[in-house]
Amino acid sequence: MILSIVQYGDPILRTKGKRIEKIDDHIRELAANMIETMHAAHGVGLAAQQIGEALQLTVIDVSQVEDRPSTMKLNAKDVDPAIAMPLVLINPEIELRGPTEMGVEGCLSFPEISADIERSKSAIAHAQTLQGDNVEIEAGGLLSRVIQHEFDHLHGILFIDRMNSAVKAALSSRLKRLQNESRRGKRIRPEEEQSLVTETTL
Ligand SMILES: [Zn+2]
């Protein structure tokens, strides 16, 4: 089922996700719906807060992005990221590695906004899968960026918090508009929002 996506201004986007203690039917259904919603919105990642649930749960799929490569090791073994997608990460913890780099990001909760964001080139995530297995994912390239963006969401941190202050100031009227729309109850229906298909949105 395709869910509506919460737009910037909704307080749930600032809420830290609760740890998932039991992977039950509700969590399995939620993860399946989040994957379907992410795909419908042409996003590469979606956090539970973005569909209105403050939980430590995120889904990721970078397999359709050809111009921004990703690398991935699963439990220390090289895997083809395209084959490993979609990922469902439950209760993730991350370690950042190596130098940082700038790269353009969008966010499904901020229609039509994108900006350069500084992120670590490499990230290691420890998380549980839907099957309850503990996995270690070492990510590089776009996947590293997406994992960091989604991990932030799970802790109530948004990409605007990491924007250069001049860029954020230039976006202030658009951000206010999103907040006002959100306050009036606006939600994003992925199948209606073809304008979301711009760059890499997470
Ligand atoms: Zn986002």
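Is H42 buried, exposed or partly exposed, and how many other C-beta atoms lie within 10 Å? The legends below give the answer, view by view.

**View 1. H42 sits in a loop.** This is a predicted model, where local features need pLDDT of at least 70, side-chain atom pairs count only at pLDDT 80 or more, and totals for chains, interfaces and linings use all residues. Residues are numbered from 1 along each chain as its sequence is written. The loop of H42 runs between α1 (25-40) and β2 (45-47). Helices (H or I, at least four residues) and strands (E, at least two) are DSSP runs, numbered from the N terminus. H42 is partly exposed, because 16 other C-beta atoms lie within 10 Å. The cut-offs are 20 or more such atoms for buried, 12 or fewer for exposed, and in between for partly exposed, with C-beta atoms placed from the backbone. Phi of H42 is positive, near 55°. Most residues other than glycine have a negative phi.

**View 2. N91 has a positive phi.** The value is near 50°, and N91 is not glycine. N91 belongs to strand β6. N91 counts as partly exposed because it has 18 C-beta neighbours inside 10 Å.

**View 3. A cis peptide bond joins M85 to P86.** Its omega is near -10°. P86 lies in the loop between α2 (81-84) and β6 (87-106). Most peptide bonds are trans.

**View 4. R187 meets S4.** R187 is in strand β9 (residues 187-188). R187 and S4 are 183 residues apart in sequence, yet their C-alpha atoms are 6.0 Å apart in space. R187 also touches I5, V6 and Q7, leaving out residues up to four places away in sequence. Contact means C-beta atoms, placed from the backbone, within 7 Å.

Technical notes: Contact = placed C-beta atoms within 7 Å.
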